Amino acid sequence: MHQPALLTAITAALAALPSAQAGLYTRSSPVLQVDARSYQRLVADSNYTTILEFYAPWCGHCQNLKPAFEKAAKKLDGYAKVAAIDCDEEENKQFCGGMGVQGFPTLKTVRPAKKAGGKPIIEDYNGPRTATGIVEDVLNKVNNHVTRVADKDLDSFLEGDKPKAVLFSDKGVTSALLRSIAIAYLDVINVGQIRNKETAAVEKFGITKFPTFMLIPGPGKEPVIYEGELNKKDMVEFLKQVAEPNPDPAPAKKKSKAKKKDEPKQAPPEPEEAPESSTVEETPATATPSVIPIASIMDDAMLAKECLQKSSHTCILAFVPAGETETGTKAVDSLSQLSTKYIHGKRHTFPFFALPSDIPGAGTLRTSLELKDEVEIIALNARRGWWRQYSGDLSAGSVESWIDAIRMGDGEKKKLPSGVVHEEAPEPAADEPESETVEAVHGTGTTAEEETEAPEVVVEKLEDEVNEEKHDEL
Ligand SMILES: *[C@@H]1O[C@H](CO)[C@@H](O)[C@H](O)[C@H]1NC(C)=O
């Protein structure tokens with residue numbers, strides 16, 4: 001850890017300079033001032049993205065940035081947080097060092113994990129130090145919890161007791177405004193966007209102009225159309241008729257934890273701790289102590305390695321939107337619960353992965369398998385060339401029955417289309433015995449021959465098909 005030492009050296013050398021200036025930003029500044037102690041609550045635990053400036057009051061570039069940063073703070077008000085920390089303060093030095101700050105000002109964006117309870121994603125901001133540059137970058141990093149609802153998803157979106165807020169729009173993109181509303185009401189009101197071309201939904205609610213913002217207060221309740229201006233403040237006021245937005249920052253003592261009074265009170269965030277370290281994880285971990293989240297496919301290489309190689313065994317993949325949506329989260333939660341259950345029960349199972357839609361290979365695979373829904377769960381065995389599609393609600397119980405069926409070899413198996421399985425040389429066959437395939441032999445009534453067909457043969461067939469396809473294309 002050279003950085004904190006370096007930082008200390010620099011700041012110590014400069015301490016001799018005139019004036020122990022107060023922080024750069026005054027109390028009335030739109031820039032939120034945080035310190036090592038409040039960082040956790042104000043920034044890391046927020047559901048909003050933050051841009052955080054690490055500064056020292058004596059630094060000229062920091063002073064130059066101030067007007068632009070304050071302007072950005074005003075523009076981003078309600079959408080994201082704009083915060084600053086004075087690294088010259090004794091109590092903040094170690095924190096700033098731990099964040100890898102080596103010069104001033106340093107700007108970093110802190111984006112909440114897509115999945116509740118995950119670590120925030122911290123990235124350097126190296127864009128232009130102008131209000132516009134900052135605003136643009138930060139808006140791009142506002143998490144998207146808005147569900148895109150097509151006609152076919154309407155019923156599932158409308159399920160459940162939670163109020164729903166829907167923007168009918170002629171646009172395909174989800175605005176930062178709507179995303180910020182979904183963040184304010186995370187887990188309280190489900191926010192969706194429906195495009196004008198979804199005619200069934202549009203007709204169902206008699207929508208005639210776009211955009212139209214509509215609130216469905218609850219199951220069986222009459223929808224209420226919003227008549228005001230499309231701005232966050234007024235829209236939130238309108239939604240308050242059914243629920244208050246989540247308080248941000250969360251109140252210091254959470255009421256929801258009242259039930260757990262006997263449990264030792266959670267220690268306040270360690271000011272000395274670097275945010276990448278375990279403190280960030282601690283808060284959410286106490287909320288869901290036992291569920292181990294399933295892994296997310298990070299890129300095409302990982303997808304290939306885990307599931308699409310000739311040597312890959314059965315893999316459970318949940319296709320989920322890149323942004324957080326209700327159904328996506330539900331699928332991942334259900335699989336996480338199941339996976340945790342299998343792990344605790346030491347039962348042999350398949351690896352489960354979330355496959356976000358922004359991984360290019362996800363799109364390709366979707367197309368090849370002709371998957372239609374935004375959220376799809378499939379089982380796929382590249383080695384044996386089959387896949388199965390889950391249909392049903394996304395509850396853990398229902399998914400579990402399906403997985404059990406696969407373990408037993410029940411259910412419809414489809415042949416993987418050519419081109420899905422990658423041609424890389426299989427890894428040396430360190431084949432752990434696969435109990436599900438053995439079970440499958442008995443379950444489906446497929447012949448042992450078929451099931452035990454040497455992988456090489458399957459691979460050859462697939463290769464033939466790939467080649468055929470290539471010729472067709474030429
Ligand atoms: C963040 O979202 C969760 C729901 O996922 C909510 O319970 C919590 O209150 C929100 N936190 C803040 C600080 O808004």
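Visitor: How far apart are the sulfur atoms in the disulfide that joins Cys307 to Cys315?
Guide: This is a predicted model, in which local features need pLDDT of at least 70, side-chain atom pairs count only at pLDDT 80 or more, and totals for chains, interfaces and linings use all residues. Residues are numbered from 1 along each chain as its sequence is written, and side-chain values use heavy atoms, with hydrogens and water left out. A disulfide is a pair of cysteine sulfur atoms within 2.5 Å, and for Cys307 and Cys315 the S to S value is 1.9 Å.

Visitor: Is the disulfide of Cys307 and Cys315 left-handed or right-handed?
Guide: Both Cys307 and Cys315 are buried, where buried means under 20% relative accessible area, exposed means over 50%, and partly exposed lies in between, computed with a 1.4 Å probe on protein chains only. The torsion about the S-S bond of Cys307 and Cys315 is about -50°, so this disulfide is left-handed.

Visitor: What is the handedness of the link between Cys59 and Cys62?
Guide: A disulfide joins Cys59 to Cys62, with 2.1 Å from S to S. Cys59 is buried at a relative accessible area of 5%, and Cys62 is buried as well, at 0%. The angle about the S-S bond of Cys59 and Cys62 is 95°, and the link is right-handed.

Visitor: Which pairing describes the bonded cysteines when they are numbered in sequence order?
Guide: The search of the whole structure finds 3 disulfides, including one between Cys87 and Cys96, whose sulfur atoms are 2.1 Å apart. Both Cys87 and Cys96 are buried, and their disulfide is left-handed because the torsion about its S-S bond is about -85°. With the bonded cysteines of the protein numbered in sequence order, the pairing is 1-2, 3-4, 5-6.

Visitor: Turning to charged pairs, how many residues apart are Lys81 and Asp248?
Guide: Side chains of opposite charge can pair when their charged atoms come close. The rule used here for a salt bridge asks for a side-chain nitrogen of Lys or Arg within 4 Å of a carboxyl oxygen of Asp or Glu, and Lys81 and Asp248 meet in such a bridge at 2.6 Å, N to O. Lys81 lies in strand E3 (residues 81-86) and Asp248 in the loop between helix H9 (232-239) and helix H10 (279-287), so that the pair links distant parts of the chain, helices (H or I, at least four residues) and strands (E, at least two) being DSSP runs numbered from the N terminus.

Visitor: Which helix holds both Lys93 and Glu90?
Guide: Lys93 forms a salt bridge with Glu90, their closest N and O atoms being 3.0 Å apart. Lys93 is buried at 12%, whereas Glu90 is exposed at 61%. The two residues are 3 residues apart, about one turn of the helix, and both lie in helix H4 (residues 90-98).
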